[in-house]
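Keep the 3D view open as you read.

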Amino acid sequence: MAVTSAAAQPPRSTLSRILTFVSESHNALGFGFMLPAAALLLVFLTYPLGLGVWLGFTDARIGRPGIFIGIENYEYLWDDAVFWLSVFNTLLYTISASILKFALGLWLALILNQNLPFKSFFRAIVLLPWVVPTVLSAIAFWWIYDSQFSILSWALMEMGLIDHRINFLGDPENARASVIAANVWRGIPFVAITLLAGLQTIPQSLYEAATLDGASRWQLFRYVTLPLLTPIIAITMTFSVLFTFTDFQLIYVLTRGGPVNATHLMATLSFQRGISGGQLGEGAAIAVAMIPFLLAAILFSYFGLQRRKWQQGGGD
Amino acid sequence: MTAIETSKRPELDEGGMGYLQSVPRRVVTVYLPLLIFVIVLLFPFYWMTITAVKPNLEMTDYANFNPFWVVHPTLEHIRYLLFETSYPGWLLNTIIISTAATFLSLLAAVFAAYAIERLRFSGARQVGLAVFLAYLVPPSILFIPLSVMVFNLGLYDTPFALILTYPTFLIPFCTWLLMGYFRSIPFELEECALIDGASRWQILTKIVLPLSVPGLISAGIFAFTLSWNEFIYALTFIQSSENKTVPVGVLTELVRSDVYEWGALMAGALIGSLPVVVLYSFFVEHYVSSMTGAVKE
């Protein structure tokens with residue numbers, strides 16, 4: 001504040017001359033304006049990122065700074081069946097949940113893009129699962145998936161579709177399906193609303209022209225909607241994949257990785273070993289092992305954005 | 001000619017090409033799937049609410065009471081939650097932490113976004129890209145090193161541990177959102193002000209910020225919601241019951257060994273969701289448009 005208000009007065013002393021220089025030089029001013037954000041991010045984001053990589057090479061425990069042990073943590077994890085199971089689970093969880101979220105989200109977006117009565121009301125309530133804290137909605141799912149009093153089991157039994165209660169979270173296969181279903185439930189709104197935004201930027205005239213040319217409804221979707229929506233699909237799904245891959249809350253609430261590690265994701269395993277088990281070094285190594293996957297997703301996003309620029313004639 | 005045609009038949013224009021579909025077809029392709037989506041997306045909230053007001057007897061006796069309804073609604077669970085647990089304290093903690101983190105992040109993000117978008121210092125593009133990449137760094141890979149830092153800084157088990165770490169995901173997000181907003185403000189306004197002798201500070205406070213109030217509101221709501229929902233840092237950095245936030249407190253303190261207080265749990269989840277839902281319902285149009293704005297960007 002003092003820096004810039006001084007600029008209004010004619011420069012007299014050396015000090016005010018410096019202040020004038022600072023307020024008129026874009027670089028100096030830019031540096032000053034960036035300082036609060038940059039300081040917070042460097043201290044609490046960039047530094048911990050490096051510290052995490054370093055911890056992965058040490059045998060640090062809670063309350064005891066570790067010493068450098070090279071790639072011992074990674075060697076240990078390489079032979080650890082539970083670690084590989086968690087990698088498999090994470091990939092399964094991410095891929096199946098993302099495909100379902102994309103398909104259902106796109107479907108919902110196409111429905112909401114129709115001329116509906118109470119359009120904004122529907123848009124508002126559809127977003128609810130995304131707004132509510134994940135942990136709290138996961139607790140509701142926990143109760144829905146209860147082994148004894150599950151409302152789903154009860155309803156299916158009343159309808160005569162099954163003859164015994166489903167053990168949603170106690171059986172490995174069921175538990176995987178259940179956590180994926182809960183994740184999809186929470187993820188659909190984000191995908192649907194962002195894709196809806198993309199759909200609304202497609203000019204009606206394109207559909208009219210294609211209809212005049214005799215295009216069927218499927219052709220309209222395949223050759224008009226989908227190509228124009230591709231860039232936004234790329235961004236939305238990259239975000240969705242990133243957040244699903246690093247998911248922690250839902251698993252921690254519903255299963256804590258069980259039964260017999262069948263739903264352990266890399267993030268929950270990292271927490272279990274690093275914080276609950278106190279092996280900070282090993283936990284950090286598991287977290288670092290997630291980085292290559294994340295980089296792959298980010299590169300995918302980058303090329304998605306490139307394609308978008310090309311489609312818009314290099315502008316924007 | 002075409003202009004006259006469309007103005008004569010606004011009802012067709014409004015519906016796009018919807019008139020090409022027959023009514024039964026629309027029911028099957030639009031209304032029925034929409035109904036199923038809405039039911040599935042809202043059911044957990046309904047179930048949460050109905051369980052929160054259900055007496056324990058009805059909750060476990062499906063033979064005599066239809067579980068989808070409640071015969072004798074009770075406020076017992078909510079009374080228990082508010083007067084016999086630390087829940088009000090968790091609510092207060094969450095409000096304080098979320099507000100402080102939001103305020104801190106918005107302040108830093110406004111300056112950063114303005115600098116990147118309008119000051120165009122050398123390297124602004126690269127800094128903008130770095131901010132975007134910072135948003136992609138997930139808390140799941142930062143919580144272990146951050147817990148070491150928090151401990152060494154003596155912040156462990158204090159609200160400051162969360163107030164200072166939440167900006168790591170709030171600042172990139174808010175900066176990104178505000179950059180899009182600032183871009184929509186015409187350069188000419190700033191040039192006029194510069195010619196009239198305004199300083200950069202005056203331009204920011206008297207021209208750019210008043211024009212970007214909607215953007216500030218949506219960034220603020222997003223930031224508040226994100227900090228309200230945060231879980232992994234709050235779980236890792238907070239130890240004592242009285243310092244916990246709502247999501248962590250409900251999960252770790254209300255679940256006792258093998259007796260699940262489902263009524264109190266659901267009441268806790270419901271009351272913990274209400275503030276963000278209310279906040280969001282007031283500003284839903286901001287929310288949707290800025291979300292789409294952020295993504296279009």
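Predicted model: local features only at pLDDT ≥ 70, side-chain atom pairs only at ≥ 80, totals over all residues.

In chain B, the axes of helix 5 (residues 76–84) and helix 16 (residues 262–282) come within 8 Å and cross at roughly 70 degrees.

**Helix 5 and helix 16 of chain B**

- Angles from 65 to 115 degrees count as roughly perpendicular, so helix 5 of chain B is roughly perpendicular to helix 16 of chain B.
- Helix 5 of chain B brings B:His77, B:Ile78, B:Tyr80 and B:Leu81 to the contact, and helix 16 of chain B brings B:Gly263, B:Ala264, B:Ala267 and B:Gly268.
- By class, this contact of helix 5 with helix 16 of chain B has five nonpolar residues, three polar ones and no charged ones.

**Chain B as a whole**

- Chain B holds 17 helices and two strands.
- It has 297 residues, and 41% of them count as buried.
- Take the contacts in chain B between residues at least 6 apart in sequence: 78% of these join residues at least 24 apart.

**Where chain A meets chain B**

- Chain A puts 77 residues into the contact, and chain B puts in 81.
- On the side of chain A that touches chain B, helix 3 of chain A gives the most, with 18 residues.
- That side of chain A divides into 55 nonpolar, 20 polar and two charged residues.

**A helix pair across the two chains**

- Helix 3 (residues 26–55) of chain A and helix 6 (residues 87–119) of chain B have axes that come within 8 Å and cross at roughly 145 degrees.
- The crossing of these two helices is left-handed.
- From helix 3 of chain A, the residues in contact include A:His26, A:Gly30, A:Phe33 and A:Pro36.
- From helix 6 of chain B, they include B:Leu107, B:Phe111, B:Tyr114 and B:Leu119.
- This contact of helix 3 of chain A with helix 6 of chain B counts 14 nonpolar and two polar residues, and no charged ones.

**An enclosed helix in chain A**

- Helix 8 (residues 134–144) of chain A is largely enclosed by the rest of the structure, because eleven of its eleven residues are buried.
- Among these buried residues are A:Trp142 and A:Trp143, along with A:Phe141, A:Thr134 and A:Ser137.

Definitions and conventions: Residues numbered from 1 in each chain as written. Chains lettered and ligands numbered in written order. Axes fitted to C-alpha atoms, helices over the stretch in contact; angles between N-to-C directions. Helix = DSSP H or I, 4+ residues; strand = E, 2+ residues; numbered from the N terminus. Left-handed = near helix turned anticlockwise from the far one by under 90°. Contact = placed C-beta atoms within 7 Å. Nonpolar A, V, L, I, M, F, W, Y, C, P; charged D, E, K, R; others polar. Parallel < 35°, antiparallel > 145°, perpendicular 65-115°, else oblique. Buried ≥ 20, exposed ≤ 12 C-beta atoms within 10 Å, placed from the backbone.
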